[in-house]
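Reader: I would like to learn how to read the features of this model one by one. Please give the general idea each time, and then the case at hand.

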Amino acid sequence: MTTLPLKMIDLPYDRDALEPHIDRATMCYHYKNHYWGYYSKFVNALKEIGIGASEIDLEFFYRIDDLDIEDSYKQLLKNNWGGRWNHSMFWQWMSPSAKLGTAFKKILENEFWSEESFRDKFLSAAMGRFGSWWAWLVKKDERLVIYSTPNQDNPLMRWDFQVLLGVDVWEHAYYLKYQFRRDEYLRNWWNTINWERVEQLWNGYEGF
Ligand code: MN3
């Protein structure tokens with residue numbers, strides 16, 4: 001069992017490094033308040049129910065339902081494990097500099113015909129739910145599939161797929177700068193995608 005470090009990851013760039021697409025104020029709030037909130041609630045819930053950090057691995061999701069605890073604790077663990085994992089990955093799915101490399105561009109074109117058509121499909125999944133959610137690109141049987149999941153859920157909770165890319169479509173991810181203009185946020189976020197990380201994940205990289 002590979003245990004996951006029970007800590008917040010540092011932002012791999014400065015708070016203003018993704019300007020003008022993601023502004024400094026949003027980055028500060030998102031990281032310090034929201035990410036911290038998921039992390040601390042998860043850690044506190046573990047303490048309250050007496051689960052040690054050494055028992056936390058990627059399969060922990062699947063075991064939550066079998067734990068001998070109250071249902072409200074199960075939901076609390078899922079929400080905050082999800083929030084913590086999703087955001088830990090999200091910070092690394094953005095970069096001030098990474099570009100789509102030739103190798104992964106070919107893989108995208110194989111599945112979606114062109115980078116533009118992939119972008120349109122991914123962004124329409126990211127636009128298309130009610131409430132708060134995430135949109136995902138996953139690797140399933142050597143192919144690329146787009147999903148979205150509500151709340152802080154993610155594909156790991158239901159399927160054993162390699163998650164390659166995800167975008168936070170909660171209002172807190174864009175409201176300070178974009179207000180209700182979710183589509184503008186998503187189109188600008190597109191310019192921040194860390195394709196290098198996406199390609200590493202496609203190639204089997206596991207980790208934070
Ligand atoms: Mn968020």
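Reader: Is Tyr31 buried or exposed, and what is its relative accessible area?

Author: Buried means under 20% relative accessible area, exposed means over 50%, and partly exposed lies in between, with a 1.4 Å probe and protein chains only. Tyr31 has a relative accessible area of 9%, so it is buried. Before we continue, please note that this is a predicted model, in which local features need pLDDT of at least 70 and side-chain atom pairs count only at pLDDT 80 or more, while totals for chains, interfaces and linings use all residues. Residues are numbered from 1 along each chain as its sequence is written, and side-chain values use heavy atoms, with hydrogens and water left out.

Reader: Where do Tyr31 and Tyr35 lie?

Author: Helices (H or I, at least four residues) and strands (E, at least two) are DSSP runs, numbered from the N terminus. Both Tyr31 and Tyr35 belong to helix α1, four residues apart, about one turn of the helix. Tyr35 has 0% relative accessibility and therefore counts as buried.

Reader: How many aromatic pairs does a search of the whole structure find?

Author: Rings of Phe, Tyr and Trp (its six-membered ring) pair if their centres lie within 6.5 Å; planes under 30 degrees apart count as stacked, over 60 as edge-to-face and the rest as tilted. By that rule the whole structure holds 24 aromatic pairs. One of them joins Tyr31 and Tyr35, a tilted pair at 5.3 Å centre to centre with 50° between the planes. 

Reader: Which residues do ring pairs link into a cluster?

Author: The cluster consists of Tyr31, Tyr35, Trp85, Phe90, Trp91, Trp93, Trp134 and Trp136. Trp134 and Trp136 are both buried.

Reader: Which residues coordinate the manganese ion?

Author: Donors are N, O and S atoms within 2.8 Å of the metal (3.2 Å for Na, K and Ca); water is not among the atoms, so sites may look incomplete. Here the manganese ion is held at 1.9 to 2.1 Å by His30 (NE2), His87 (NE2), Asp168 (OD) and His172 (NE2). Along the sequence these donor residues follow the spacing H-x56-H-x80-D-x3-H. His30 lies in helix α1 (residues 24–49) and His172 in the loop between β3 (162–169) and α6 (175–178), so the two tie together parts 142 residues apart in sequence. His30 counts as buried at 2% relative accessibility, and His172 is buried with a relative accessible area of 17%.

Reader: In what order do the three strands form the open sheet?

Author: Strands of a sheet pair through backbone hydrogen bonds, either parallel or antiparallel. Two strands count as paired if DSSP finds at least two bridges between them. In this model the order is β2-β1-β3, with antiparallel pairing. β2 (143–150) and β3 stand at the edges with a single partner strand each, so one side of each has no neighbour in the sheet. From one strand to the next, the twist averages 20°; axes are lines fitted to C-alpha atoms, for helices over the stretch in contact, and angles run from 0 to 180 degrees between N-to-C directions.

Reader: How many bridges join β1 to β2?

Author: Eight bridges join these two antiparallel strands, and Leu137 has Ile146 in β2 as its bridge partner. β1 and β2 form a hairpin with two residues between them, where Asp141 in the turn has a positive phi of about 50°. On the other pairing, β1 (residues 133–140) and β3 are antiparallel over seven bridges. Among the bridge partners in β3 are Gly166 for Trp136 and Val163 for Val138.

Reader: Why is β1 largely enclosed by the rest of the structure?

Author: Seven of its eight residues are buried, so β1 is largely enclosed by the rest of the structure.

Reader: With which residues is Tyr147 in contact, leaving aside its neighbours within four places in sequence?

Author: Contact means heavy atoms within 4.5 Å. Tyr147, a residue of strand β2, is in contact with Trp134, Ala135, Trp136, Val138, Lys140, Trp159 and Phe161, once its neighbours within four places in sequence are left aside.

Reader: Over the face of which residue does Lys139 lie?

Author: A charge sits over a ring if NZ of Lys or CZ of Arg is within 6 Å of the ring centre and within 35 degrees of the ring normal. Lys139 lies over the face of Trp202, at 4.3 Å from the ring centre. The charged end of Lys177 is placed over the ring of Tyr178, 5.5 Å from its centre.
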